[in-house]
Amino acid sequence: MAPERPRMTRSASMLANVRCVLCGDLGGTNSRLELFRLQHTASKKDLEAIGTEPPLYAQTYKTNNLPGDFTELLHAFLAEANVGLVELAAGCLAVAGPVEEGDRVTFTNLGWRIEARLLEAEFRMQPGTMRLVNDFVANGFGVVTLRDGDYSTLNGPSQPSPGAPIACVGAGTGLGEAYATASSGVYEAWPSEGGHVAFAPRDAIQTELLTALQRRFGGRVSAERVISGKGIVNVYDFFAEKFPGKVDKDLQKRIKAHPEGAGVIARAAYDDHLCGEALNLVLDAYGAELGNAAVKWLPFGGLYVCGGIAVKNRERLKERVFLEAYKDRGRLRPVLDRVPLRLVLVDDLGLRGAHYVALATLLGGGVVHAPTEEPPAAPAVPPSDGVAPALDRLAAAISRA
């Protein structure tokens with residue numbers, strides 16, 4: 001009989017000396033982990049400082065190249081941090097998928113099953129101090145940490161309506177959507193599977209694309225099949241098949257060979273005709289889906305565009321293709337001029353949201369709510385004394401475990 005596998009030695013994080021907060025953003029492509037030191041008992045000032053102070057240690061891992069399970073990865077991360085003896089006072093992991101009851105999530109493509117209560121036991125954390133949230137819910141909480149310079153306004157008013165709904169839409173590996181609503185003076189972020197609505201073509205060429213994708217995928221086509229990194233490649237493949245005489249064979253080989261072919265297409269968009277057409281179509285569809293989000297949720301508190309595709313193509317978002325598709329709402333077009341449409345410029349929105357949830361859990365325990373006294377669209381200057389009453393109510397509102 002094979003010898004029993006020896007239990008992994010607990011990392012120094014078990015032996016409590018330096019108090020830290022763990023933040024994570026775990027996706028299908030990358031897993032990002034950060035460790036922040038607590039210099040004192042957690043307070044609302046820590047919430048106000050999110051996004052302004054660097055982590056004690058941070059690391060990004062290519063998720064599909066990781067051996068073992070997440071617990072082993074976390075042990076390795078804490079060992080790599082090399083910051084002495086660490087106590088994890090609280091933690092939050094933003095995860096790409098639905099969170100099951102009891103703070104559990106399964107990554108079917110990775111073979112990972114993460115359970116917050118088991119992580120608490122493994123790393124000697126206090127019960128209830130490790131949280132799992134959907135990655136786009138984390139983005140919703142991350143919005144309240146934004147300040148002037150962390151976003152740019154693409155359309156609509158410069159100031160949001162306090163207490164109005166907020167929405168987040170972001171295309172990257174997939175297409176994620178979330179929204180936040182106010183109740184009794186606080187915001188709460190909610191997940192959605194909006195990226196899986198049916199793709200709706202807006203013109204003849206997009207109708208041809210839909211038909212091609214229906215053949216390829218065997219029926220229904222979601223918006224994510226077009227508005228995502230993989231979607232960019234799908235659209236390029238469609239154009240390459242439709243216009244074979246315009247295909248740059250060497251470029252096509254690089255796209256197919258590269259694990260992130262969308263990036264190759266985007267970089268070639270100004271020089272290669274088919275790459276440019278593919279990217280324009282995706283951005284048209286992206287604008288249209290944001291317009292759908294605007295009329296569905298009426299997010300007069302702010303509609304935030306996040307994710308790598310938008311940030312890496314920010315100049316193109318100011319062009320007619322994207323904004324016309326966004327505004328093309330017929331009789332409801334004037335409504336969109338009341339929605340602050342904002343491009344998130346920071347690349348750590350999910351991590352900020354996870355940091356926010358972890359700290360707020362320390363302050364009050366349970367589900368996190370975002371303050372409404374200052375519009376969550378980020379004050380133009382760092383939070384002032386006017387934020388304190390809202391944060392006091394925030395801590396009092398966090399009550400559901």
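Biologist: Leaving aside neighbours within four places in sequence, which residues is P98 in contact with?

Modeller: Happy to start there. In this predicted model, P98 is in contact with R104, V105 and N134 once those sequence neighbours are set aside. P98 itself sits in the loop between strand 4 (86-95) and strand 5 (104-107).

Biologist: What makes P98 exposed?

Modeller: The relative accessible area of P98 is 60%. Exposed means over 50%, so P98 counts as exposed.

Biologist: How far is the C-alpha atom of P98 from that of E193?

Modeller: They are separated by 9.2 Å, although P98 and E193 are 95 residues apart along the chain.

Biologist: How much of the protein is buried?

Modeller: Buried residues make up 52% of the 401 residues. The secondary structure comes to 15 helices and 14 strands. Of the contacts with a separation of 6 or more, 73% are between residues 24 or more positions apart.

Biologist: Let's turn to the helices. Why are helix 5 and helix 6 called roughly perpendicular?

Modeller: Their axes cross at roughly 105 degrees and come within 10 Å. Angles of 65 to 115 degrees count as roughly perpendicular, and therefore helix 5 and helix 6 get that name. On the helix 5 side (residues 204-217), the contact is made by I205, E208, L209, A212, L213, R216 and F217. Helix 6 brings N234, V235, D237, F238, F239 and K242. By class, this contact has eight nonpolar, one polar and four charged residues.

Biologist: And why are helix 6 and helix 9 called oblique to each other?

Modeller: The axes of helix 6 (residues 229-242) and helix 9 (residues 273-297) come within 9 Å and cross at roughly 130 degrees. Roughly perpendicular ends at 115 degrees and roughly antiparallel needs over 145, so helix 6 and helix 9 are oblique. Their crossing is right-handed.

Biologist: Which residues of helix 6 and helix 9 meet?

Modeller: From helix 6 there are G231, I232, V235, Y236, F239 and A240, and they meet L274, C275, E277, A278, L279, L281 and V282 in helix 9. The residues of this contact divide into 11 nonpolar, one polar and one charged.

Biologist: One last topic, the cysteines. How many disulfides does the count come to?

Modeller: The count comes to zero. A disulfide is a covalent bond between the sulfur atoms of two cysteines.

Biologist: How do you know that C23 is too far from C92 for a bond?

Modeller: The closest cysteine sulfur to that of C23 is in C92, 7.5 Å away. A disulfide needs the two sulfur atoms within 2.5 Å, so this pair is too far for a bond. C23 also counts as buried, because its relative accessibility is 0%.

Biologist: What rules out a bond between C306 and C168?

Modeller: Again it is the distance. The sulfur of C306 is 4.5 Å from the closest cysteine sulfur, in C168. With the cut-off at 2.5 Å, that pair is too far for a bond. C306 is buried too, as its relative accessible area is 4%.

Conventions
Residues are numbered from 1 along each chain as its sequence is written. This is a predicted model: local features need pLDDT of at least 70, side-chain atom pairs count only at pLDDT 80 or more; totals for chains, interfaces and linings use all residues. Side-chain values use heavy atoms; hydrogens and water are left out. Axes are lines fitted to C-alpha atoms, for helices over the stretch in contact, and angles run from 0 to 180 degrees between N-to-C directions. Helices (H or I, at least four residues) and strands (E, at least two) are DSSP runs, numbered from the N terminus. Angles under 35 degrees count as roughly parallel, over 145 as roughly antiparallel, 65 to 115 as roughly perpendicular and the rest as oblique. A crossing is left-handed if the near helix is turned anticlockwise from the far one by less than a right angle, and right-handed if clockwise. Contact means heavy atoms within 4.5 Å. Ala, Val, Leu, Ile, Met, Phe, Trp, Tyr, Cys and Pro count as nonpolar, Asp, Glu, Lys and Arg as charged, and the others, Gly among them, as polar. Buried means under 20% relative accessible area, exposed over 50%, partly exposed in between (1.4 Å probe, protein chains only).
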